[in-house]
Amino acid sequence: MLQKPESGALPIPQAEGKDGGRDGETQALTASQEEAPSPLLQESSKEDLGAGREEGAAEPALTPKGARTLAAKALARRRAYRRLDRTVAELVQFLLVKDKKKSPITRSEMVKYVIGDLKDLFPEIIARAAEHLRYVFGFELKQLGRKHHTYILINKLKPLEEEEEEENLGGDGPRLGLLIMILGLIYMKGNSARETQVWEMLRRLGMRPSKYHFLFGYPKRLILEDFVQQRYLNYRQVPHTNPPECEFSWGPRSNLEISKMKVLGFVAKLHKKEPHHWPVQYREALADEADRARAKARAEASMRARARANQRAGIHPW
């Protein structure tokens, strides 16, 4: 059961609003999103971290009291980001549960049961929840009436707009969305991810690996039995680990059916960045695209050669 977020105001840095459509708090939160990593993949670039250290080094020396104040503010910001991320994840689960009844969902319900005293940040929270619903679960959040702030979910968007991949997973958009999330995590972690990292990502999505979920059943069983057995994922024990640890990597079916560039594009959308923001993964994805193009060209050339040979031999395809 979803719980109402803990009480206490969210300490958001203040900024002067220049956009007439947003207030100062929302502008400050939007501007701060590049500091706060996505709650889904938790992948921050080393360049960004390095830039932060250089900026900090340029500041004058602080007194002990000033250092404590600065540390307290930084801790408050981190707690604020974590609470906001948790609220977005809870709202996503709340909307998915409410959609099972196919009844419209009102803003007042979302505020009462999930958002609570963060209601001033409702536009930002609902926007982030809508992105997660679209890219991860394949649902579009539609507002029916502006006067009463009524919303419904429409199950019509295909993650990555790949019909072929969805057909291979039984036409199940949410299952494909979860698989793409795991593949994205693996790709951003250097083509392998520890089992504990995958379970932690599920928790950030509002799921418990061994607890029943109305969309996925038991997520851990889905991943280990379906995705692994269907060869979308490889699962093996990491050598020389004590206690033993296991890791996931892309399986042969994923390498054949899902391009790394599309997965990187999916990750980029979640982080509101361009794919080339991650140069190592971007170069690898470009190489993968080139390999796929060459393989496709060879297959087409082989088909044309067979067709010409059949034509000379008087064999017709019909």
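The legends below describe close-up views of a predicted model.

**View 1. The largest nonpolar core.** This core holds 63 residues, and those touching the most other members are Leu91, Met110, Leu133, Leu178, Ile182, Ile223 and Leu233. Helix 7 (residues 173-188) contributes the most to the core, with 11 residues.

**View 2. Contacts of Ile182.** Ile182 is one of the core residues that touch the most other members. Apart from neighbours within four places in sequence, Ile182 is in contact with Val198, Met201, Ile223, Phe227 and Leu233. Of these partners, Ile223 and Leu233 are also listed with Ile182 among the core members with the most contacts.

**View 3. The salt bridge between Lys98 and Glu109.** The model has 14 salt bridges, and one of them joins Lys98 to Glu109, with 3.0 Å between the closest N and O atoms. Lys98 belongs to helix 3 (residues 64-99) and Glu109 to helix 4 (residues 107-115), so the pair, 11 residues apart, links distant parts of the chain. Lys98 counts as buried because its relative accessible area is 17%, under the 20% limit.

**View 4. The salt bridge between Glu140 and Lys142.** The closest N and O atoms of Glu140 and Lys142 are 3.6 Å apart. Lys142 is partly exposed, at 35% relative accessibility.

**View 5. A salt-bridge network in Glu200, Arg203 and Arg204**. The side chains of Glu200 and Arg203 form a salt bridge at 3.9 Å, N to O. Both residues lie in helix 8 (residues 195-204), and because they are 3 residues apart, about one helical turn separates them. Glu200 is partly exposed, with a relative accessible area of 34%; Arg203 is also partly exposed, at 39%.

Terms used: Residues are numbered from 1 along each chain as its sequence is written. This is a predicted model: local features need pLDDT of at least 70, side-chain atom pairs count only at pLDDT 80 or more; totals for chains, interfaces and linings use all residues. Side-chain values use heavy atoms; hydrogens and water are left out. A nonpolar core is a set of buried Ala, Val, Leu, Ile, Met, Phe, Trp, Tyr and Cys residues joined through side-chain atoms within 4.5 Å. Buried means under 20% relative accessible area, exposed over 50%, partly exposed in between (1.4 Å probe, protein chains only). Helices (H or I, at least four residues) and strands (E, at least two) are DSSP runs, numbered from the N terminus. Contact means heavy atoms within 4.5 Å. A salt bridge is a side-chain nitrogen of Lys or Arg within 4 Å of a carboxyl oxygen of Asp or Glu.
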